[in-house]
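Work through the exercises below with the sequence and the coordinates at hand. Each task is followed by a stepwise solution.

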Amino acid sequence: MRWNDRIGRRLRLSDLHILLAVAQCGSMAKAARQLAMSHPVVSRAIAELERTLGVRLLERNPHGVELTEFGRAMLTRSHAAFDELRQGVKDIEFLTDPTAGEVRIASSAPLSASFVSAVIDRLSRRYPRINFHVGVWDSHELYRDLRERSVDLLIVRKTGHAADSQFDFECLYDDPIVVTAGVNNPLVRRRRIELLSLVDELWALPPLDTPPGAFILEAFRASGLEFPRAKVATFPFAMRCSLLASGRFLTVLPRSVLRFPVKHPFIKELPVELPITSGPIGILTLKNRVLNPVAQLFVACAREVARPLGRRD
């Protein structure tokens with residue numbers, strides 16, 4: 001394809017925007033309603049794109065439309081194009097007023113409630129007009145949103161996903177997984193506890209088919225123990241913390257939860273040595289994507305907040 005003759009003069013951002021809406025809605029009619037356009041306008045825009053590119057972008061079926069391999073390739077690049085334009089607008093806004101702007105972060109529930117909150121608190125004091133959009137998702141949604149450029153960066157624990165060639169991972173600090181109890185639990189007064197002695201305690205644990213649950217299973221197996229029977233099996237971080245407040249339950253949490261944004265008022269770490277370690281916490285960004293200035297301020301502040309804990313390379 002010759003860019004100047006066949007593509008550059010005929011490819012319009014508005015048509016790519018329509019293609020994106022159709023792909024998200026799964027139907028031209030739904031996309032037309034979402035965009036406040038008529039169905040024929042949407043259909044013509046897609047047809048013009050297909051004529052310009054010389055390939056079929058959508059497969060029509062009785063249930064709507066699906067992207068072809070050509071459509072998926074075009075949409076992947078379109079995400080990047082629209083994102084770069086958004087970033088350009090944000091750069092101009094920042095140059096106009098360096099005290100304002102927005103940053104989009106995504107993280108897990110424990111990290112959002114602890115480390116991310118501490119960074120936001122510090123940065124918002126310095127720049128009161130910065131707005132923060134924080135998504136709290138499971139790991140699959142986190143990495144998908146970063147790939148699709150729906151967020152600027154992730155604050156996550158280093159896992160196999162971080163090794164993906166699409167991403168850059170910057171380690172900030174080590175964040176061990178620890179056994180925790182409420183301040184009223186008699187176990188918090190002990191100086192040393194063997195994991196074996198806790199097997200029959202009341203546990204509130206994440207399910208085994210989640211990353212935290214798999215880590216706990218591995219820790220017990222490494223000690224030659226069976227996975228403890230969970231009195232309460234639940235993934236939500238907030239619910240497990242609430243159960244600890246009763247003084248009866250135990251759970252396993254990242255140590256950062258007890259430190260950020262301030263020392264936790266009712267959760268204590270028990271003196272239990274787990275036989276395995278977990279990955280450090282860090283910043284995950286999309287490789288070769290230049291962060292807007294406000295996102296760069298967030299990164300700098302995150303490094304600052306993490307510095308007392310030590311950084312691991």
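The exercises below treat cysteines, strand pairing and aromatic contacts.

The model is predicted, so local features require pLDDT of at least 70 and side-chain atom pairs pLDDT 80 or more, whereas totals for chains, interfaces and linings use all residues. Residues are numbered from 1 along each chain as its sequence is written, and side-chain values use heavy atoms, with hydrogens and water left out.

**Exercise 1.** Determine how many disulfides a search of the whole structure finds.

Solution. A disulfide is a pair of cysteine sulfur atoms within 2.5 Å. Under this criterion the search returns zero disulfides. For cysteine 171, the nearest cysteine sulfur belongs to cysteine 301 and is 19 Å away. Cysteine 171 has a relative accessible area of 9% and is therefore buried (under 20%; exposed is over 50% and partly exposed in between, with a 1.4 Å probe and protein chains only).

**Exercise 2.** Give the strand order of the open sheet of five strands and identify its edges.

Solution. The order is β4-β3-β5-β12-β6, with mixed pairing. At the edges stand β4 (129-136) and β6; each has a single partner strand, so one side of each lacks a neighbour in the sheet. Within the sheet, β5 (residues 153-157) and β12 (residues 281-286) pair in the antiparallel sense over four bridges, and leucine 154 has leucine 284 as its bridge partner in β12.

**Exercise 3.** Classify the aromatic pair of phenylalanine 115 and tyrosine 173.

Solution. Rings of Phe, Tyr and Trp (its six-membered ring) pair if their centres lie within 6.5 Å; planes under 30 degrees apart count as stacked, over 60 as edge-to-face and the rest as tilted. The count comes to six aromatic pairs. With 5.1 Å centre to centre and 50° between the planes, phenylalanine 115 and tyrosine 173 form a tilted pair. Phenylalanine 115 lies in helix α6 (residues 109-126) and tyrosine 173 in strand β6 (residues 167-173), so the pair ties together parts that are 58 residues apart in sequence. Phe115, Tyr173 and Phe260 form one aromatic cluster.

Technical notes:
Helix = DSSP H or I, 4+ residues; strand = E, 2+ residues; numbered from the N terminus. Pairing = 2+ DSSP bridges.
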